[in-house]
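Biologist: Please take one part of this structure and examine it closely. I would like a connected account of its surroundings.

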Amino acid sequence: MATYSSQAVAIQASAENVFSKLSDLSNLRTLLDNAPVDKIPEDKRDLFNNINVSEDSITVPAGPVGDLIFRVVERKAPSFVKLDAENSPLPLNLALSINPQSAESCTAKVDINIDLPIMLKGMVGGQIQRLADQFGQVLKSIPFA
């Protein structure tokens, strides 16, 4: 399995607050609802609006593959959340690691683990790395207070 990791990003919130917000995926609904419309390409807005979240899962329409479901399979307070993909054409998971720095700050990074055939690594590895980096940047913009 190949791992693509974001850079660790500094977050001005306690590890406990970050874990609490991100381990309950239903908290992401507010972020989705408040996403700036001008930042979402017009041809992706229907897809974006059809993302469903619950406490333990995120369901994303994935075209011909059907719905791609990311389900929380592991939580270790306050430092780790892991989501496995269901209905994915390739084995895939996302892991969020949170490291306390002080009572009011932490760092966090995202790992995307995917079982890519060797022939695909060269073609899509860079795109997956960019996705991991984008996840990391999104973490910085989430209001954890």
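Modeller: S105 is buried, since its relative accessible area is 14%; buried means under 20%, exposed over 50% and partly exposed in between, with a 1.4 Å probe and protein chains only. The model is predicted, so that local features need pLDDT of at least 70 and side-chain atom pairs count only at pLDDT 80 or more, while totals for chains, interfaces and linings use all residues. Residues are numbered from 1 along each chain as its sequence is written, and side-chain values use heavy atoms, leaving out hydrogens and water.

S105 lies in strand β8, residues 105-114; strands are DSSP runs of E, at least two residues, numbered from the N terminus. Leaving aside residues up to four places away in sequence, S105 touches I11, Q12, A13, S14 and P100, contact meaning heavy atoms within 4.5 Å. Of these, S14 is 91 residues from S105 in sequence, yet their C-alpha atoms are 4.8 Å apart. The side chain of S105 also makes a polar contact of 2.9 Å with that of S102. Such a contact is a pair of N or O atoms within 3.5 Å; within protein, one must be able to donate a hydrogen and the other to accept it, and residues adjacent in sequence count only if both atoms are side-chain atoms.

A three-residue hairpin joins β5 to β6, and K76 has F80 as its bridge partner. β6 also pairs with β7 (residues 92-102), antiparallel over five bridges, with N93 the bridge partner of D84. Five residues separate β6 and β7 in their hairpin, where N87 has a positive phi of about 65 degrees.

Terms used. Pairing = 2+ DSSP bridges. Helix = DSSP H or I, 4+ residues; strand = E, 2+ residues; numbered from the N terminus.
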